[in-house]
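The sequence and structure come first, and the discussion follows them.

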Amino acid sequence: MNTTEIIQTLGGTFAVAKLCRVSPPAVSQWRNNGLPGDKLVLLAAELEKKSNGKWSRKEIPNWQQIWPELH
């Protein structure tokens, strides 16, 4: 999934801004610049649920260190 697909899957710009506690313009910039890694980690579990199997937390680099229980 690309950044735009991730944002749309999570409910759009305003929903992601609320989840990340940032402004909607910040989320809009992510569409061009990419989703910051710390925000992706924050959104990962929700994205995994809402993507209906299209995305997994295991796609994040070093996921084993973040979620060792997923081994």
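## Burial and basis of the model

Buried residues account for 32% of the 71 residues in the chain, where buried means under 20% relative accessible area, exposed means over 50% and partly exposed lies in between, with a 1.4 Å probe and protein chains only. The model is predicted, and local features need pLDDT of at least 70, side-chain atom pairs count only at pLDDT 80 or more, and totals for chains, interfaces and linings use all residues. Residues are numbered from 1 along each chain as its sequence is written, and side-chain values use heavy atoms, with hydrogens and water left out.

## Overall fold and dimensions

The chain has 5 helices and 0 strands, so that its elements read α-α-α-α-α from the N terminus on; helices (H or I, at least four residues) and strands (E, at least two) are DSSP runs, numbered from the N terminus. The C-alpha trace spans about 35 × 20 × 20 Å along its principal axes.

Among contacts between residues at least 6 apart in sequence, 33% join residues at least 24 apart, a contact being heavy atoms within 4.5 Å.

## Surface and charge

The accessible surface comes to about 4,500 Å², and carbon and sulfur atoms contribute 49% of this area; accessible areas come from the Shrake-Rupley method with a 1.4 Å probe, and for residues only the protein chains shown count as cover. The chain carries 9 positive and 6 negative charges, whose mean positions are 7 Å apart. Here Lys and Arg count as positive and Asp and Glu as negative, while His and the chain ends are not counted, and each charge is placed at NZ of Lys, CZ of Arg, CG of Asp or CD of Glu.

Thr13 belongs to helix H2, which covers residues 13-20, and its relative accessibility of 14% is why Thr13 counts as buried. Its side chain makes a polar contact with the side chain of Arg31 at 3.0 Å, a polar contact being a pair of N or O atoms within 3.5 Å, of which, within protein, one must be able to donate a hydrogen and the other to accept it, and residues adjacent in sequence count only if both atoms are side-chain atoms. Beyond its neighbours within four places in sequence, Thr13 is in contact with Ile7, Pro24, Val27, Ser28 and Arg31.

Val16 also lies in helix H2 and is buried, with a relative accessible area of 0%. With residues up to four places away in sequence not counted, Val16 touches Ile7, Leu10, Val27, Trp30 and Leu43. The C-alpha atoms of Val16 and Thr3 are 11 Å apart, for a separation of 13 residues along the chain.

## The loop between H4 and H5

Ser51 sits in the loop between helix H4 (37-50) and helix H5 (63-66), and with a relative accessible area of 3% Ser51 is buried. Ser51 touches Met1 and Thr9, residues up to four places away in sequence not being counted.

Lys58 is found in the loop between H4 and H5 and, at 43% relative accessibility, counts as partly exposed. The side chain of Lys58 reaches the backbone oxygen of Leu70 at 3.3 Å, and Lys58 touches Trp63 and Leu70 when residues up to four places away in sequence are not counted. Lys58 and Glu48 are 10 residues apart in sequence, with 9.7 Å between their C-alpha atoms.
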